[in-house]
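Morning, everyone. Let me put the model up, and then we'll walk through it.

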Amino acid sequence: MASIDQKIETFINNHFPDIDYSVLGNNSESEAHRKALKYEYFVNSIEYYTLQKVIDSEEIKSISTGDMRGIDGIYLVLNNQFIGFPEKNETDFFIDWKNRIIEIIDESSKVDAKFIFIQSKSSKIELDKFKGVCDAVYDIFNEEPSDLHSNKQVQSVKFLFEKVCEKEHNLELVVKICAINKDNRTLERTISNIQWSTAIAKQKKDLKSIIFSNVDIEIKSGQEYLEKLEGILAPNQRDYPVKNLKDRFIEITNEKATCFIGYLNLNEVNDLISSEDGGLDDVFFDNIRYFEGFGGEDSVNSKIFNSLSVNDDIFHLLHNGITITAHSKHFNPQNGNLEIKAFSIINGCQTSNIIYEWVKENTHTGEYLKTVNIPVKIIITGNTDLRALITETANTANDVKTIQLISITDEAKAIQGMFNNEVRSGDRLHYERLSNQYPEVGNAYKIQTTDLFRSYYSSFGIAPHRLTVGYGGFEREMLKQKDFLGTKNNGQTKQDLRSYYISSLAFNYLDRFLRSKYPYLLSLRHHFLLLLFISIDNEFHTKVDIYKKNVPNKIITGIKNLAESKTKFDNIMTKICDLAIEHFDFFIEQTSEKTKVKSKSYYTEEGTNKMIEKFLEKK
C-alpha cells in the first residue's frame with residue numbers, strides 16, 4: 001500500500017498545485033519545511049472537509065497560520081458554521097468577514113462557539129512542543145500582553161472572542177496535535193505514560209481557567225487522518241440508506257471492521273448502483289474489473305440475466321450476491337436506516353450491471369422488484385490494507401490473474417489520478433486500472449496495468465530483454481518479490497510513482513509511432529523506450545537506482561515536452577529507428593528484399609548493453 005506521504009503528495013498536487021512557498025521565508029527552499037507545509041495544508045483540509053463536506057482550497061489556506069509559536073491552524077465553529085480567521089486590517093475582505101460575524105452573533109439569543117487550534121507534526125511528537133502549543137493558545141486569550149497579540153490573525157481571533165463574550169454564550173476549546181507519521185497503537189503508547197497524562201491534565205486545567213466551559217485536547221494519528229482521506233478520495237461520495245437494517249441484516253463487529261450480512265431487493269440494488277440522473281454510478285472503483293458484457297447466449301452473464309425473469313422467487317438461492325465496502329456509516333435510530341458513504345461494490349460487479357440492464361429492459365413495477373432478493377454483505381472500514389485484502393479474497397474464486405489484483409492497490413489508484421489529462425491537443429490518455437473500465441475509449445488511448453509493468457521495467461528496470469515474447473516468468477518473479485508497485489517493510493512506496501506514469505506515457509506514443517511508421521521494428525519497442533530515456537539523459541541507464549526513487553524534473557519535463565508535440569516525438573523516434581537500422585546489425589538484418597529484426601536476437605542482457613554502447617557512440 002502507498003505510504004501516507006505518497007497519498008498526501010497526491011492529494012496536495014490535486015488540490016494545491018501552486019503552493020506559494022515564499023510564506024516559509026528563509027526556509028522556502030528547504031524540503032523539510034516544504035513537506036511540513038504540505039502536511040499543514042493536508043491536516044487543515046481534513047478538518048475543513050469534516051465540517052463542510054467539500055474541499056475549498058482558498059478557505060482551507062485561511063486556516064493556516066504561518067509562524068505562530070507552533071500553531072499551524074485555527075478555525076471556529078460558530079453556531080454550527082465554519083469560520084476562518086483572516087488578518088485584521090481594513091481591506092474589504094476583512095470588513096465583510098467582520099460584518100458576517102456580527103450578523104451571526106446578533107441574530108442569536110445564545111452563541112455557541114468552539115475554537116479549534118491545530119498543530120500538525122510531520123516528524124515525531126514531542127512533549128515540550130505540545131506544551132509550547134498549549135502555552136501559545138493560552139497567551140492568545142490571556143489579557144496579559146504577549147508577543148502573539150501583535151499578530152494580525154490573532155487580533156481577528158481576539159475580536160471574535162470578545163464579540164461572543166458580549167452575549168450569553170457557550171465557549172469551548174479544542175487543541176489538536178496531529179502526529180501524521182504515527183499509527184493509533186504507536187501514538188497510544190507514546191501518550192499513555194505518566195509524563196504525558198500529567199501534562200495533558202495540567203494544560204486542560206490551565207486553558208479552562210480562561211473562560212471556556214469545556215476544553216478538549218486531542219492527539220490525532222496519521223492513521224485516523226488517512227482513513228478520512230480515503231473517504232475524500234473515493235470517486236463515489238453519495239450516501240445510500242440501507243432501510244430497515246435490523247429486520248434484514250445481522251451485525252458482526254470487532255476492532256477492525258463492522259460487517260452486516262443480509263439481503264436487498266432488486267429495486268434497492270438498482271438504486272444503489274444508479275446515479276441521480278438514472279445512469280450507472282461509479283460504485284465499482286475498488287473492484288478489479290468493470291462490466292464485461294453479456295457475450296453469447298451460453299455465457300454466465302446471459303444466464304444470470306435470463307434467471308431474473310424465470311427464477312425470481314429463488315434468485316437469492318442461485319446467485320452469490322454482492323459484497324460492498326464503505327468508508328463510513330451512520331445508523332439513524334429514528335427510521336432504522338443505515339447510511340453508508342463512499343461505498344464500492346468489490347464483488348458482484350457483473351451481477352449488479354446485469355440487474356441494472358434487466359431493470360431498464362423490463363416493465364415490471366416497483367412492487368414486483370421488491371419481491372426479488374439478493375444476498376448482500378456490507379463491510380465498514382477505513383483501513384485500506386484490510387479493504388484490499390477483502391477485495392483480493394472475495395475474487396479468488398474467479399479467474400483473476402495475479403497482476404489484476406495490483407489494480408486495487410493505493411499505488412495504482414494514485415497513478416490513475418495522474419492520467420486523464422490532455423497530452424496532445426485532442427489526445428487524452430486513460431489508465432484503465434480496472435478491466436473494461438473505459439469501453440468507449442479506443443485501445444490506442446488506454447494504458448493498462450500490463451503496460452505499466454512493461455514500460456517501467458524496460459526503462460527504469462533496464463531490462464527490455466526480459467519483456468520479450470512470453471515474459472510471464474519475469475512478471476511472476478517481480479510480483480513475488482513485491483517489486484512492481486510494491487512497498488517496503490515500513491510501508492513506504494518503493495519507487496517514485498511518477499516513474500510508472502512517465503514511462504508508460506512514453507511507451508504509448510512510441511508503440512503507436514512504430515505501428516504507423518516502422519511496423520517491422522515493433523519487436524524492439526521495449527529497447528527503443530530505453531533509448532528514448534537515454535536520449536534525454538545520457539547517464540540515465542547508470543542512475544536508475546536513484547532516478548526510480550525520485551524521478552528528476554529533467555526526465556519528466558523532457559518526456560512530456562516530446563509527448564506534447566507530435567512533430568518533436570516523431571523526429572526523435574525517427575532518428576532512433578534510423579540509427580538502429582544502420583548500426584544495430586546484432587539486432588537487425590537487411591536484405592535486398594526487406595529490413596527485419598533477427599529472431600530472438602534481442603533476448604539477452606548482453607544485447608541490451610551492446611545496444612546502449614552503440615547508441616551512445618553513434619547518436
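How many helices and strands are there in the protein? There are 25 helices and 17 strands. These are DSSP runs, numbered from the N terminus: helices are H or I with at least four residues, strands are E with at least two.

Some ground rules. This is a predicted model, with local features needing pLDDT of at least 70 and side-chain atom pairs counting only at pLDDT 80 or more, while totals for chains, interfaces and linings use all residues. Residues are numbered from 1 along each chain as its sequence is written, and side-chain values use heavy atoms, with hydrogens and water left out.

Overall dimensions next. The C-alpha trace spans about 95 × 70 × 50 Å along its principal axes. The protein has 619 residues, and 51% of them count as buried. Buried means under 20% relative accessible area, exposed means over 50%, and partly exposed is in between, with a 1.4 Å probe and protein chains only. Now contacts, meaning heavy atoms within 4.5 Å. Take those with a separation of 6 or more: 70% are between residues 24 or more positions apart.

On to the cores. A nonpolar core is a set of buried Ala, Val, Leu, Ile, Met, Phe, Trp, Tyr and Cys residues joined through side-chain atoms within 4.5 Å. Which residues touch the most other members of the largest one? Phe 484, Phe 528, Phe 540, Met 573 and Phe 584 do, out of 73 residues in that core. Helix 20 gives the most to this core, with ten residues. A second, separate core has 45 residues, including Ile 83, Ile 105, Ala 136 and Leu 148.

Leave aside its neighbours within four places in sequence, and Phe 584 is in contact with Phe 528, Leu 531, Leu 579, Met 611, Lys 614 and Phe 615.

Now the empty space. Rolling a probe the size of a water molecule over the atoms shows where empty space is left. The search uses a 1 Å grid over the protein atoms alone: a cavity is a set of points where a 1.4 Å probe fits but cannot get out, a pocket is an open set with protein on both sides within 12 Å along at least five of seven lines, and lining residues have an atom within 4 Å of a point. Grid points are joined across faces, edges and corners, and a volume is the space filled by probe spheres set on the points.

The largest pocket holds about 1700 Å³ of space. Its lining has 44 residues, and Glu 9, Asn 13, Lys 38, Asp 496 and Arg 498 lie nearest the centre. Which helix gives the most to that lining? Helix 1 does, with eight residues. Among the elements supplying at least two residues each are helix 2 (31-52), strand 12 (422-424) and helix 20 (498-517). By type, the lining divides into 16 nonpolar, 13 polar and 15 charged. Here Ala, Val, Leu, Ile, Met, Phe, Trp, Tyr, Cys and Pro count as nonpolar, Asp, Glu, Lys and Arg as charged, and the others, Gly among them, as polar.

Cavities: the whole structure has two of 30 Å³ or more.

Cysteines, quickly. A search of the whole structure finds zero disulfides, a disulfide being a pair of cysteine sulfur atoms within 2.5 Å. Cys 259 is buried, at 15% relative accessible area. Cys 577 also counts as buried, at 0%.

Next, backbone. Most residues other than glycine have a negative phi, and most peptide bonds are trans. Arg 69 has a positive phi, near 50°. Arg 69 sits in the loop between helix 3 (57-63) and strand 1 (73-78), and counts as partly exposed at 32% relative accessibility. Asn 79 has a positive phi too, about 50°. Asn 79 is in the loop between strand 1 and strand 2 (81-83).

Last stop: Ala 257. Where does Ala 257 lie? In the loop between strand 7 (250-253) and strand 8 (258-265). Ala 257 counts as buried, at 15% relative accessibility. Not counting residues up to four places away in sequence, Ala 257 touches Ile 252, Ile 379, Ile 380, Thr 381 and Leu 386.
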